[in-house]
Amino acid sequence: MRRGRIVSEDKPKLLIVEDDLGLQKQLKWCFDEHEVLIAGTRAEALAQLRRFEPPVVLQDLGLPPDPEGVNEGMQTLRETLSLAPGTKVIVVTGNNDRDNAVRAVSLGAYDFYQKPVDTDVLRLIVSRAFHIHALENQNRQLQEAQFTAPFEGMIATDDAMLKVRRMIEKVAPAAVSVLILGESGTGKELIARAIHKQSGRRDGKFVAINCAAIPEQLLESELFGYEKGAFTGAVKQTIGKVELSSGGTLFLDEIGDMPLALQAKLLRFLQNHVIERVGGRQEIPVDVRVVCATNKNVKQLITEQRFREDLYFRIGEVTIDVPPLRERRGAPTVLAHAMLRKFGGMHGRPKRGFTEEATAALEAYSWPGNVRELENRVKTAMIMGEGSLLTAEDLHLKESVDGELLFNLKEVRTRAERQAIRQALSITEGNISRTSELLGVSRPTLYDLMDKYGIAH
């Protein structure tokens with residue numbers, strides 16, 4: 001038989017952090033409509049927090065081994081908010097101890113209450129805290145839904161990627177072909193999927209094919225299909241990727257690796273919107289939007305007569321250049337935090353973030369493998385890292401970084417402020433209070449800066 005405390009999923013969970021046994025019993029009786037969790041020390045409080053994730057915490061500032069002071073209580077508050085930033089912590093202070101109550105609120109406490117305890121007032125404060133937590137949680141879910149559709153997995157906090165997102169929004173509804181250029185691992189397929197999801201074809205299929213991954217002799221039949229008996233082993237009629245994607249979007253990745261002979265057949269399809277299966281004679285009309293991508297220099301391929309110029313103009317009515325990760329200032333840190341949130345506890349122990357040295361190393365590294373390499377390093381660090389914060393060593397990055405020599409201080413300051421605000425908003429998932437605390441400015445100042453730099457809020 002499994003032993004241990006069984007917590008009801010029906011009642012809202014309330015954690016009471018209080019070392020006075022008499023007051024523990026009084027408060028537990030007072031909040032009998034809640035699933036009350038009790039902790040008498042900081043260690044017990046954090047253990048309950050990790051295990052049960054209560055939305056609201058009622059915490060006394062006077063905790064052992066410092067029951068007459070507030071140091072232990074303040075540290076408990078800090079660690080609680082660090083571990084669960086969305087938790088509403090109501091601190092309980094001694095009589096006429098307003099200064100420490102205000103200090104606790106400045107650290108992130110939701111509200112405070114002074115002893116002696118008036119249970120009716122306290123019930124009202126706790127009830128309001130649960131209500132606010134539920135509203136914030138609902139709002140966060142709505143924001144996440146808006147953020148992930150259609151830009152699921154695509155995070156843009158730097159100017160270069162914001163420009164890419166604006167291009168996607170403009171080009172997606174238009175009936176034009178799109179060519180996505182960028183190094184391997186920059187997320188070209190994510191962009192293609194975003195174009196599909198924002199287009200009028202969003203209800204159709206999104207079919208992707210990597211032209212570099214399929215042998216030349218098989219690529220034609222993979223694209224256009226084949227009739228029964230077209231070649232040895234063709235025992236039945238098979239529909240190709242182009243026909244399969246009719247009504248939707250066909251994504252041709254690594255188009256620069258397509259053989260010249262097949263380029264001519266693709267060009268004919270793009271001009272006439274009809275295909276012929278391998279071994280067939282019947283023309284089959286296909287209504288599909290084609291989005292292509294490559295990590296090659298297409299103009300150089302044309303010069304070397306390895307890519308048809310007429311096909312280039314046909315597939316690239318609009319061209320989107322995806323910047324490499326090394327050119328996206330601040331993006332590695334934001335993406336790394338997003339990956340921690342995405343993978344959560346899937347890989348080893350849950351991690352809360354990165355050390356300052358790790359953050360510096362993330363920004364200093366050149367990322368030749370781009371976002372794909374970053375994801376692999378973060379996943380490995382989550383599995384192998386020992387502490388709650390990932391280090392540069394966990395990421396297999398060097399801690400020592402060389403500073404940059406920068407000029408035009410006004411421009412540098414402007415760029416740095418804008419980037420820091422976007423990074424902080426991304427890390428805190430748009431929470432203004434946490435962002436202002438992270439940046440060390442007041443909420444009004446943060447709003448002023450966001451207005452100054454045109455950052456939506």
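Buried means under 20% relative accessible area, exposed over 50%, and partly exposed in between (1.4 Å probe, protein chains only). By this scale Asp 287 counts as partly exposed, at 46% relative accessibility.

This is a predicted model, in which local features need pLDDT of at least 70, side-chain atom pairs count only at pLDDT 80 or more, and totals for chains, interfaces and linings use all residues. Residues are numbered from 1 along each chain as its sequence is written, and side-chain values use heavy atoms, leaving out hydrogens and water.

**Salt bridges**

A salt bridge is a side-chain nitrogen of Lys or Arg within 4 Å of a carboxyl oxygen of Asp or Glu. The structure holds 19 of them.

| Pair | N to O distance |
|---|---|
| Arg 123 and Glu 33 | 3.5 Å |
| Glu 79 and Arg 42 | 2.6 Å |
| Arg 201 and Asp 287 | 2.6 Å |

Helices (H or I, at least four residues) and strands (E, at least two) are DSSP runs, numbered from the N terminus. Arg 123 lies in helix α5 (residues 119-148), and Glu 33 in the loop between α1 and β2, so their bridge ties together parts 90 residues apart in sequence. Arg 123 is partly exposed, at 33%. So is Glu 33, at 34%.

**Helix α4**

Asn 100, Ala 101 and Ala 104 are the buried residues of α4 (residues 98-106). They sit on the same side of α4, because they cover an arc of only 105° around the axis, taken from the directions from the helix axis to the C-beta atoms. The face turned away carries the exposed Arg 98, Asp 99 and Ser 106. The buried residues of α4 pack against α3, β4 and β5, where contact means heavy atoms within 4.5 Å.
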